[in-house]
Every structure is written in structure tokens, then in C-alpha cells.
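The sequence and the coordinates come first, and the description comes after them.

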Amino acid sequence: MSLVLYNTLTRQKETFVPLHKNDVGLYTCGPTVYDFVHIGNLRAFVFDDLLRRYLAYRGYHVTHVMNITDVGHLVSEADTGEDKMEKGARREGKSAWEIAESYTNAFLEDSKALNLLAPDIMPRATAHIPDQIALIQRLEEKGYTYRTSDGVYFDTSRFPHYGRLGHLNIEGQSSDVRKRMGGEKRQPADFALWKFSPTGATRQMEWGSPWGKGFPGWHIECSAMSMRYLGETFDIHCGGVDHIPVHHTNEIAQSEAATGKPFVRTWCHNEFLLVDGGKMAKSLGNTYTLRDIIARGFSPMALRYLFLGAHYRSKLNFTWQALGDAGRALDSIVDLLRLLLDRSGESSESVGISRSLTERFTEALDDDLNTPEVLAAIHTAIAEIYRLEERHQPIDGRLLSAAFFDLDKVLGLNLAATTSTSPVLLPEAIRALVEARERARTAQDFATADQLRRELLRHGFTVDDTAEGPKVKRSSHQSD
Ligand SMILES: [Zn+2]
């Protein structure tokens with residue numbers, strides 16, 4: 001059996017074969033660090049992490065590169081509108097550089113809380129301006145660019161396969177569109193490689209270039225940095241489906257135009273996360289962040305479990321109810337693991353359960369990362385183990401828990417740590433509050449820590465800080 005992945009480029013499932021023997025080059029589009037990432041972004045990052053973990057589980061040597069977009073880009077993908085980073089800076093009364101740094105740190109905290117493995121290389125766009133300029137120069141030498149009064153643009157009419165990834169029909173874009181679009185772009189799909197700083201104004205983030213002072217377009221950083229670290233052709237590039245028509249289409253155009261080689265062999269895209277059945281929007285107040293999840297008493301691992309419950313190429317509907325259900329399902333796995341720690345019989349039934357769990361797991365993930373099937377296999381195994389328990393039959397706890405911990409290398413639900421470090425059987429929500437309070441205390445944010453202690457008390461739990469960490473007890477009375 002081998003790993004099969006759906007390739008957006010060819011619109012079919014393909015057996016995955018790396019370009020170089022056992023080495024896999026994986027590039028995943030990272031966050032734009034002008035605000036907290038929302039749970040829709042987090043779905044993409046959890047998918048990237050799952051793919052990376054499974055490749056490693058399958059024995060591949062993975063080099064995972066994820067960029068940090070810390071250059072100020074424009075709010076709209078059409079190279080118009082306001083600069084995100086400078087907008088964030090105005091909102092918070094800080095500099096664009098401070099905004100980028102503080103939200104990079106926030107993103108790293110979220111990543112840790114969600115148990116995302118750190119990428120091997122995490123290049124920042126601002127630290128790779130010369131690479132981006134060099135790539136634009138290559139395109140210029142080959143005649144793929146033109147200048148307007150506000151920047152250097154990629155001429156999509158010169159690149160014959162433009163739009164192949166998204167099956168875009170750019171010839172259908174009429175001259176009406178061109179008129180409406182205004183400005184000096186030759187084709188509506190043309191995009192900025194370099195934007196000039198406005199005359200008479202100094203931007204907080206700007207650099208000198210052969211074309212004048214300014215800043216790179218958004219798409220160019222991913223081409224420049226992925227090729228720098230993974231080579232001009234590499235194995236897998238991931239991102240959300242929203243990146244197909246513009247960002248990834250433009251990455252392909254500018255990379256292949258510059259090198260004359262195929263850019264990426266397999267493109268993997270995850271579907272959208274909906275909230276309460278609809279789109280997330282700032283105006284609806286439903287662009288939840290991981291902080292919102294934790295503040296409502298849920299564990300980041302419950303969110304991770306919720307994401308795994310849907311196939312990455314299906315839309316997933318986030319509701320607080322669904323998150324609660326995910327947390328309870330996760331609790332049931334942890335409860336089972338605690339039982340297993342207590343059972344040491346030998347039984348052929350245990351061997352059978354363990355074997356079929358591992359087989360179903362590999363089979364499901366080999367089939368384009370079918371995580372819902374994996375979770376189904378896990379709950380089947382749990383039911384079978386409880387049947388043995390009810391009939392007082394021997395259970396090989398060591399063998400079975402090892403099987404679960406092995407799967408968790410890929411699922412990343414932190415099962416081993418959760419099982420061993422919480423002697424009191426705590427609901428997910430309480431565990432998350434205790435963890436959040438510990439983090440606040442470590443950061444010497446005692447106001448937040450106190451607030452979380454009161455919150456725990458409202459749920460009927462007290463917490464004592466001991467040398468070995470927080471000890472949580474059910475309080476005898478509910479307070480408020
Ligand atoms: Zn990107």
C-alpha cells in the first residue's frame with residue numbers, strides 16, 4: 001500500500017512518489033501576522049501538520065517550510081485597498097514592525113497549544129527581500145514584467161498555462177472588466193511583483209530596489225522562499241482552497257516563468273471552515289481565535305479533534321455544540337487509556353483489536369488522509385475493549401495503549417501527556433482552564449490567573465499551586 005493524495009493540479013488522487021528518494025519537500029503558506037489567526041486559518045495549519053506527521057510516520061524525511069508574512073500587504077488580493085500591517089499598527093498604536101513581532105509570537109503560542117510541530121524552516125518575508133528582488137529581476141530579464149506608475153507587474157498574457165491550477169478562464173474576462181478595473185494593468189489577472197511607496201510618503205516598511213523604493217507583492221515571497229529552501233521543483237505545496245484562484249495560481253506563474261521548470265508536483269488544498277453554517281466575517285463577530293476557544297473553557301485539543309472529524313477536502317461547520325461534542329469524544333479516549341494503564345492481562349482479543357486498529361488507521365490515511373475513518377476506527381476499538389471489560393476478560397493494556405499512542409504520533413492529540421499528567425479525571429473544559437491559568441501565571445499575568453481561578457470555582461473546582469504544579473479538586477460547593 002502506498003500513500004495516495006488528491007492533487008488539485010490534476011484533479012485526481014495520485015500515488016505519492018517523492019522527487020528525491022525518501023526526502024519530501026513540503027511548503028505550507030503561513031500566517032499574515034497583523035492580527036490573531038482565526039479558527040479557519042487554524043484548520044489549514046492543523047491539516048498541514050497532519051500531512052507532515054503522516055509523511056514522517058510513513059518513513060519519509062520531511063523538510064517542512066512555512067513562511068511568516070510579515071510584510072505589509074494590501075487588504076484586497078487585487079493589489080488595492082489598505083495595507084494590513086500598517087492598518088494593524090494604527091489600530092493598536094504600535095509600529096508595523098512591532099505588530100508583526102507580537103502577532104508572530106501569538107501565532108507561535110497558538111501553534112504550541114494546538115500541538116503543531118514547528119516547521120523545520122520558518123522564513124520571514126522581511127528577511128528575504130533580496131531573494132524576492134532577484135526573482136523579479138529574473139522575470140524582468142525574460143520579459144514577463146511591465147511597469148506602471150505604482151509598481152512592477154507580472155504580465156499573465158505571456159504565461160500560456162496561467163490559471164491551470166484553478167481551471168480559470170481568463171480569456172473570458174471582457175474589456176468591461178478592464179474598464180471597471182481602471183488603472184494601468186493590462187489584464188485583470190496581472191498582479192504586482194513590486195509596489196512603489198507612494199510619492200511624498202514614507203511607509204513604515206519599505207526597501208530600495210532596482211525599480212525604486214517600495215515593497216514586494218504578496219505572492220512573490222512564497223515563490224522566492226520556497227524555491228530558496230526546497231529547490232526550483234519540489235514535492236508538495238499546501239494551503240486553503242481560497243488560495244487556488246489567485247495566490248497559488250500566481251505563485252505557479254511567476255516561479256515557472258522564471259525557471260522554465262515545473263514548480264510543485266502535488267498541490268493539496270483544505271476546504272473552508274464554516275461557523276454556524278455560514279461564512280466567518282468580522283462583521284458577524286464569528287471570526288473566533290484560539291483565545292476565544294480557551295476563554296470559553298474548551299481545550300485546544302478539542303478543536304484539533306473537531307478538525308480531524310471532517311475530511312480535509314470537505315467543508316466543516318464549527319459550532320460550540322460540535323466543539324463540546326469533540327471535547328467529550330476526546331475525553332472518552334483518555335478515559336479508556338486510563339483504564340488500559342490499569343489492565344495487564346494477555347489476550348488474543350487484545351492483539352486482534354490492536355492489529356485491526358493499526359491497519360484501519362494506515363489504510364484510511366493512505367487514502368488521501370481520511371481522518372473521519374480513523375476516528376471511527378478508534379471508537380470501534382474502544383467499544384470492543386469495553387466489551388472485554390464487561391465480560392471480565394483479560395485486556396492487554398500495555399499493547400493496546402501503545403497502539404493508541406502510536407496513532408497519536410500522527411493525530412497529535414497529546415494523548416500520552418493528557419493521560420499521565422492529570423490524576424483527577426477532569427472534563428476537557430476544566431483542563432483547558434487550568435492550563436490557561438498556568439500559562440497566565442508563568443507569564444506573571446496574575447490578574448488573568450485570578451480571573452481564571454474564579455472561573456474554575458464557578459465550575460465547581462478549586463486549584464492549589466504546589467511544587468509539582470497545580471492540584472485541582474472538586475470544591476464542595478458551587479460559588480459565584
Ligand atoms: Zn503562500
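**Basis and overall dimensions**

This is a predicted model, in which local features need pLDDT of at least 70 and side-chain atom pairs count only at pLDDT 80 or more, while totals for chains, interfaces and linings use all residues. Residues are numbered from 1 along each chain as its sequence is written.

The protein contains 16 helices and 14 strands, where helices (H or I, at least four residues) and strands (E, at least two) are DSSP runs numbered from the N terminus. Its radius of gyration is 25 Å, close to the 23 Å that the globule rule gives for 480 residues, so the protein is as compact as a globular protein of that length; the radius is taken over C-alpha atoms, and the rule is 2.2 Å times the number of residues to the power 0.38. The C-alpha trace spans about 75 × 55 × 40 Å along the principal axes.

**Domains**

The protein is divided into domain 1 (12-270), domain 2 (275-421) and domain 3 (428-474), with bounds that come from an automatic or database domain assignment. The centres of domain 1 and domain 2, taken over C-alpha atoms, are separated by 33 Å. Their contact takes 21 residues from domain 1 and 21 residues from domain 2, two residues being in contact if their C-beta atoms, placed from the backbone, lie within 7 Å. On the side of domain 1 that touches domain 2, α1 (39-57) and α3 (96-113) each supply at least two residues, and the largest share, 12 residues, comes from α1. By class, this side of domain 1 has 12 nonpolar, four polar and five charged residues; Ala, Val, Leu, Ile, Met, Phe, Trp, Tyr, Cys and Pro count as nonpolar, Asp, Glu, Lys and Arg as charged, and the others, Gly among them, as polar.

**Strand pairings and sheets**

Two strands pair if DSSP finds at least two bridges between them.

| Strands | Direction | Bridges | Opposite residues |
|---|---|---|---|
| β1 (residues 4-7) and β2 (residues 12-15) | antiparallel | four | Val-4 and Thr-15 |
| β3 (residues 23-28) and β9 (residues 234-240) | parallel | three | Tyr-27 and His-237 |

β1 and β2 form a hairpin with four residues between them, and Arg-11 in the turn has a positive phi of about 60°.

An open sheet of four strands has the order β4-β3-β9-β10, with parallel pairing. Its edge strands are β4 (61-66) and β10 (264-270), each of which pairs on one side only, and the twist averages 20° from one strand to the next. Helix α6 packs on this sheet, touching β3, β4 and β9, and its direction makes about 155° with that of β4; axes are lines fitted to C-alpha atoms, for helices over the stretch in contact, and angles run from 0 to 180 degrees between N-to-C directions.

**Helices α4 and α6**

The axes of α4 (residues 129-141) and α6 (residues 218-230) come within 9 Å and cross at roughly 100°, which makes α4 roughly perpendicular to α6, a term covering angles of 65 to 115 degrees. The contact is made by Asp-131, Gln-132, Leu-135 and Ile-136 of α4, and by Ile-220, Glu-221, Ser-223, Ala-224, Met-225 and Arg-228 of α6. By class, these residues are five nonpolar, two polar and three charged.

How values were computed:
Angles under 35 degrees count as roughly parallel, over 145 as roughly antiparallel, 65 to 115 as roughly perpendicular and the rest as oblique.
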